[in-house]
Amino acid sequence: FVAFNANLGYDEMNRSLGCALGLNARFLPFLYLCAEYGQTVARAAADPDIQRNGFLSFSVKLETMGPHFFIVVQNTPQIGMRKLMLGAQGGYREWHGGFMIQRLFDLFK
């Protein structure tokens with residue numbers, strides 16, 4: 001019913017260490033609600049590109065027999081763990097929406 005996840009990453013370009021915690025909750029056999037929060041926890045002292053506010057993301061996931069569809073709302077337009085670790089420039093005042101399609105191809109079945 002509920003699954004937790006944790007991500008840890010190091011960004012060599014910005015010399016920063018970041019982490020993210022997430023939660024996935026299944027409400028129907030095909031419908032999930034997801035939330036994730038991430039923050040840079042150690043960074044270079046004078047790097048202006050790294051924001052003080054972490055990223056916050058909420059999504060609804062619809063699983064079908066093939067692809068999975070996500071509708072996402074988050075406080076940054078960035079994608080990918082390395083960019084998300086840099087934080088949200090607008091803090092928690094600016095929100096962005098989007099969608100994602102995910103598909104698993106099992107090549108060794």
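This briefing describes the sheet in this structure, the pairing of its strands and a few single residues. The model is predicted. Its open sheet has six strands in the order E1-E2-E3-E4-E5-E6, paired antiparallel. The edge strands are E1 (2–11) and E6 (96–102), and each of them pairs on one side only. On average, neighbouring strands of this sheet are turned by 20° against each other, direction ignored.

**Strand pairing**

- Strands of a sheet pair through backbone hydrogen bonds, in a parallel or an antiparallel manner.
- Strand E3 (residues 31–42) and strand E4 (residues 55–63) run antiparallel and are joined by eight bridges.
- Within this pairing, Tyr37 stands opposite Leu56 in E4.
- E4 and E5 also run antiparallel, with seven bridges between them.
- A hairpin of four residues joins E4 to E5, and Ser57 has Gln74 in E5 as its bridge partner.
- Seven bridges join E5 to E6, and these two strands run antiparallel.
- Ile71 has Phe99 in E6 as its bridge partner.

**Two faces of strand E5**

- The side chains alternate along strand E5 (residues 68–74).
- His68, Phe70, Val72 and Gln74 point to one face and are buried.

**The loop between E1 and E2**

- Met13 is found in the loop between E1 and strand E2 (16–28).
- Met13 has a relative accessible area of 65%, and exposed means over 50%, so Met13 counts as exposed.
- Met13 and Phe30 are 17 residues apart in sequence, and their C-alpha atoms are 39 Å apart in space.

Key: Residues numbered from 1 in each chain as written. Predicted model: local features only at pLDDT ≥ 70, side-chain atom pairs only at ≥ 80, totals over all residues. Heavy atoms only, no water. Pairing = 2+ DSSP bridges. Axes fitted to C-alpha atoms, helices over the stretch in contact; angles between N-to-C directions. Buried < 20%, exposed > 50% of the residue type's maximum accessible area, 1.4 Å probe, protein only.
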